[in-house]
Amino acid sequence: MKIHILGSGVMATAMAYGLKNAKFEVVIVGRNKDKLELLSNDFETCEYGSKFDITGKNLILAVKPYALKSVCSLLEGEANSCVSVLARTSLEDVKTNLKAKNIAICLPNIAAEFNSSITPFMSQGDTKIIEEILNGFGKCVKFETKNELDAASVVAGCAPAYLAVVAEALANAVVREGVKKDDASKLVSGLFDGFAKLLEASHPALIKEAVCSPAGTTIEGVAKLEECGVRNAFFEAVKASCNKQRS
Ligand SMILES: NC(=O)c1ccc[n+]([C@@H]2O[C@H](COP(=O)([O-])OP(=O)(O)OC[C@H]3O[C@@H](n4cnc5c(N)ncnc54)[C@H](OP(=O)(O)O)[C@@H]3O)[C@@H](O)[C@H]2O)c1
């Protein structure tokens with residue numbers, strides 16, 4: 001399938017590489033000649049020009065949310081599909097600004113580059129084509145209400161930053177205990193790799209139970225995390241991001 005990605009920033013390029021890996025034909029459409037020149041080593045690129053014809057095309061909209069109106073004012077015709085990745089932007093916002101037979105709003109994350117984004121979405125029209133596109137850079141989960149989508153988007157879009165804090169904290173903590181910086185990074189990266197596989201096969205509570213032996217070393221650490229309120233910190237972080245997402 002041929003996909004036109006409107007935008008050439010961080011999220012646009014992450015999805016472009018993922019889709020290319022999955023054998024999609026990717027065209028990056030942008031306004032910045034220098035950025036497009038760089039990307040032209042890996043992708044077909046083009047500028048919007050004074051008008052850009054979207055008739056029959058499959059689009060991914062990946063500009064900043066405030067740019068929705070100005071970018072859409074350049075678009076002519078009716079696209080076959082349009083997937084918007086714009087935060088804090090509703091299906092209605094997209095439909096008001098652009099014509100497409102099948103429309104979705106979603107929040108991917110930058111693991112899209114490695115075909116590993118988990119992408120929550122809401123759609124109108126043919127869900128199959130939307131899923132085919134979103135599965136091109138990872139996995140996707142469909143939601144029916146904006147309220148659910150906003151909360152799900154925090155896990156998919158914001159939680160990579162939360163987990164980056166966890167990963168950095170773990171690495172720093174073992175450096176404090178005498179492990180070299182590079183070894184600490186390798187250990188933490190290996191931990192996340194292995195943990196992803198465990199999580200696919202089991203529930204977090206069961207993983208925790210399996211690792212904590214009675215009066216052992218792990219339960220001491222878990223008790224300290226609880227004492228420091230780490231669980232509540234995550235509840236508060238998700239609430240804060242959800243509030244912002246819904247504002
Ligand atoms: N980064 C993430 O982790 C993430 C996750 C989920 C969703 N998103 C969403 O993805 C979208 C892009 O975010 P990003 O992180 O990729 O930002 P970014 O790296 O700053 O890229 C923004 C893109 O929007 C383009 N743009 C901005 N204003 C424009 C305008 N008036 N006309 C045409 N193009 C315009 C920029 O073009 P120039 O290069 O020419 O300035 C650039 O290509 C946002 O809507 C964001 O909500 C991002």
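## Ligand site and annotated regions

In this predicted model, an oxygen atom of the ligand is 3.0 Å from a polar backbone atom of Ala 87. The protein covers 80% of the 900 Å² of accessible area that the ligand has on its own.

| Residue | Atom of the residue | Atom of the ligand | Distance |
|---|---|---|---|
| Ala 87 | polar backbone atom | oxygen | 3.0 Å |

**The shell around the ligand**

There are 22 residues around the ligand, and those that come nearest are Ser 8, Met 11, Arg 31, Lys 35 and Val 63. Sorted by class, this shell holds 14 nonpolar residues, five polar residues and three charged residues. Two helices, H1 (10–21) and H3 (68–72), each supply at least two residues of the shell. As for its place in the protein, the ligand sits in the second largest pocket.

**The annotated binding site**

An unreviewed UniProt entry places the feature "binding site" at Leu 6, Gly 7, Ser 8, Gly 9, Val 10, Met 11, Ala 62, Val 63, Lys 64 and Pro 65. These residues span 60 residues in sequence, yet no two of their C-alpha atoms are more than 14.0 Å apart, so they gather at one spot. From this set, the lining of the second largest pocket takes in Gly 7, Ser 8, Gly 9, Val 10, Met 11, Ala 62, Val 63, Lys 64 and Pro 65. That pocket is where the ligand sits. Gly 7 belongs to the loop between strand E1 (2–6) and helix H1.

A domain named "Pyrroline-5-carboxylate reductase dimerisation" is placed by UniProt (unreviewed entry) at residues 147–246. What is the helix and strand content over residues 147–246? Here the chain is 87% helix and 0% strand. The end C-alpha atoms of residues 147–246 are 8 Å apart.

Methods. Residues numbered from 1 in each chain as written. Predicted model: local features only at pLDDT ≥ 70, side-chain atom pairs only at ≥ 80, totals over all residues. Heavy atoms only, no water. Near = heavy atom within 4 Å. Polar contact = N/O pair within 3.5 Å; in protein donor to acceptor, adjacent residues only side chain to side chain. Areas by Shrake-Rupley, 256 points an atom, 1.4 Å probe, with all protein chains shown as cover. 1 Å grid on protein atoms, 1.4 Å probe; cavity = no way out; pocket = protein on both sides within 12 Å on 5 of 7 lines; lining within 4 Å. Sits in = over half its atoms within 2 Å of the grid points. Helix = DSSP H or I, 4+ residues; strand = E, 2+ residues; numbered from the N terminus. Nonpolar A, V, L, I, M, F, W, Y, C, P; charged D, E, K, R; others polar. UniProt positions renumbered as here; feature names shortened; annotations may be inferred.
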